Amino acid sequence: MEEKTLIKYFRTLGLTVNRSTKARGHQGFYLKNRIDVSKNTPQERVVPTLLHEFAHYIHSQIEPDMPKTGGSFKILFGEENKIFTEELIKVTNFVDENSMFLKLYEHKDRLKNKIKDLEKIIKSEYPEFLRSKKFKEFDKYIRKSKARYLLKYDRVKLVERGFFKKTTTIYTIDNLEYDFPGMPRAFAAYIRLRSAQRRQSRVSAKISRYKKYYEKPAELFARLVEGIYIDREWTEALAPYTCEKFYDNLKRGSYRELADVINV
């Protein structure tokens, strides 16, 4: 299937198709009878992206509130069944390797190891230290130190005003030993541990947010259509139950014009 043929067909359905935009930062985007495929999309990804966005268009025709709700398996396949999610996540991972969050999980593991290393440094001086409990010795020390601002931020700018002038000082996690030369090694490690925990929480939140996006029925359905185009046999092997339901509905006309595209 060629890009030009596909776009021409979409336009006969009243869809507006743009290939010269950046698609709101994505490879493709669908909204209100308009499909954008980014001009920066690699050529081998153009047709799969067009099909992905067309699947959203079809879905929105049979489930008008899909853009707001994320779609429903009940509408798409006639039933709610967790096997749809299980199988289509496999298809999604095949179609889009970004959906496996490999870099994010790698980053999370590095932070986890860093936290363990910092904990060892602290325990070398305070064997009873536990991350889950208050670090009393540290709390007593930090009250009198400007380093306390680094417990919430990796970099702070303090502006102090005197009678005749104001002074600005920048403190960072990286310069702890230079900015606070008298600070015990264990306390510096604890500040860095808190920093690593903040970053770990942000990475975990990002993974959760992306998972929620990828696991929407609308996205899983669109990637099923992509998968059938890219490698039909492998997609059927990954999602046998879902594909059976999909083809049955396709024959019955449940997916409207999508049948024409799939058959081609």
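**Aromatic pairs.** I counted the ring pairs and found 28 aromatic pairs in the structure, where rings of Phe, Tyr and Trp (its six-membered ring) pair if their centres lie within 6.5 Å, and planes under 30 degrees apart count as stacked, over 60 as edge-to-face and the rest as tilted. I then looked up tyrosine 141 and phenylalanine 187, whose ring centres are 5.1 Å apart with planes at 45°, so this pair is tilted. The pair links distant parts of the chain, 46 residues apart, with tyrosine 141 in helix α7 (residues 136–142) and phenylalanine 187 in helix α9 (residues 185–214); helices (H or I, at least four residues) and strands (E, at least two) are DSSP runs, numbered from the N terminus.

This is a predicted model, in which local features need pLDDT of at least 70 and side-chain atom pairs count only at pLDDT 80 or more, while totals for chains, interfaces and linings use all residues. Residues are numbered from 1 along each chain as its sequence is written, and side-chain values use heavy atoms, with hydrogens and water left out.

I checked accessibility next, where buried means under 20% relative accessible area, exposed over 50%, and partly exposed in between (1.4 Å probe, protein chains only). Tyrosine 141 has 27% relative accessibility and counts as partly exposed, whereas phenylalanine 187 is buried at 4%. I also noted phenylalanine 246 and tyrosine 247, an edge-to-face pair with 5.6 Å centre to centre and 70° between the planes. Phenylalanine 246 is buried with a relative accessible area of 0%, and tyrosine 247 is buried with 15%.

**Whole protein.** I listed 13 helices and five strands, and I noted that 42% of the 264 residues count as buried. Along the principal axes, the C-alpha atoms fill a box of roughly 75 × 45 × 30 Å.
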